[in-house]
Amino acid sequence: MGWVRRAGILFVVLVVALGLGGAAAGAKKKHKKKGTPWASQIKLAKTSSTQFSGAVSSKLRACRSSRVVVLFYTDPNNGQTSPLSVQRTDGDGHYAVTLSTAAYPGTYQAEVLQRKIRAMKAPQTCRDAKSPATTV
């Protein structure tokens, strides 16, 4: 009968040890950092009848390169807006859109999409931005 009592005590000690170990492991759990948000600005210019160009700027250099830029066209007759082109910026934040035909009369606007990156050894968020409207 002594061995049953010893086994019972050993079982209780084992359960308590595992319970405390699980609580200690849960206490050490790290929370993910959400990242620092960085503002972005975008410019759009019509350089010729078939070409638009511009640049994305930000205080964080990593927020300028490889950003997705969408060029939108708004029809003046019905007010409908549609995406016209999707481009990526180069290392300095510059982009160019070349159209196959001359630009139609209407309003053009560029938008850079939000992006999460890892820079300065931490997660960062590059915010989205819209350019002022350019009328053709």
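In what order do the three strands of the open sheet lie, and is their pairing parallel, antiparallel or mixed? In this predicted model, the three strands follow the order 1-9-8, and the pairing is mixed. Strand 1 (36–38) and strand 8 (115–119) are the edge strands, each pairing on one side only, and the twist from one strand to the next averages 35°. Strand 1 and strand 9 (residues 122–126) run parallel and are joined by three bridges; Trp38 stands opposite Cys126 of strand 9.

Cys126 is also among the residues in contact with Arg67, a residue that lies in the loop between strand 3 (51–57) and strand 4 (68–74). Arg67 is buried but has no salt bridge, the nearest side chain of opposite charge being that of Asp128, 7.0 Å away. The side chain of Arg67 does, however, reach the backbone oxygen of Leu113 at 2.8 Å. Beyond its neighbours within four places in sequence, the contacts of Arg67 include Ser40, Gln87, Arg88, Val112 and Val56.

Val56, for its part, is placed in strand 3, and it counts as buried because its relative accessible area is 1%. Not counting residues up to four places away in sequence, Val56 touches Arg67 and, among others, Gln41, Ile42, Cys63, Val69 and Val112.

The distances given for these two residues are set out below.

| Pair | Distance |
|---|---|
| Arg67 to the side chain of Asp128 | 7.0 Å |
| Arg67 side chain to Leu113 backbone oxygen | 2.8 Å |
| Val56 to Tyr95, C-alpha to C-alpha | 8.1 Å |

In sequence, Val56 and Tyr95 are 39 residues apart.

Notes. Residues are numbered from 1 along each chain as its sequence is written. This is a predicted model: local features need pLDDT of at least 70, side-chain atom pairs count only at pLDDT 80 or more; totals for chains, interfaces and linings use all residues. Side-chain values use heavy atoms; hydrogens and water are left out. Helices (H or I, at least four residues) and strands (E, at least two) are DSSP runs, numbered from the N terminus. Buried means under 20% relative accessible area, exposed over 50%, partly exposed in between (1.4 Å probe, protein chains only). Lys and Arg count as positive and Asp and Glu as negative; His and the chain ends are not counted. A salt bridge is a side-chain nitrogen of Lys or Arg within 4 Å of a carboxyl oxygen of Asp or Glu. A polar contact is a pair of N or O atoms within 3.5 Å; within protein, one must be able to donate a hydrogen and the other to accept it, and residues adjacent in sequence count only if both atoms are side-chain atoms. Contact means heavy atoms within 4.5 Å. Two strands pair if DSSP finds at least two bridges between them. Axes are lines fitted to C-alpha atoms, for helices over the stretch in contact, and angles run from 0 to 180 degrees between N-to-C directions.
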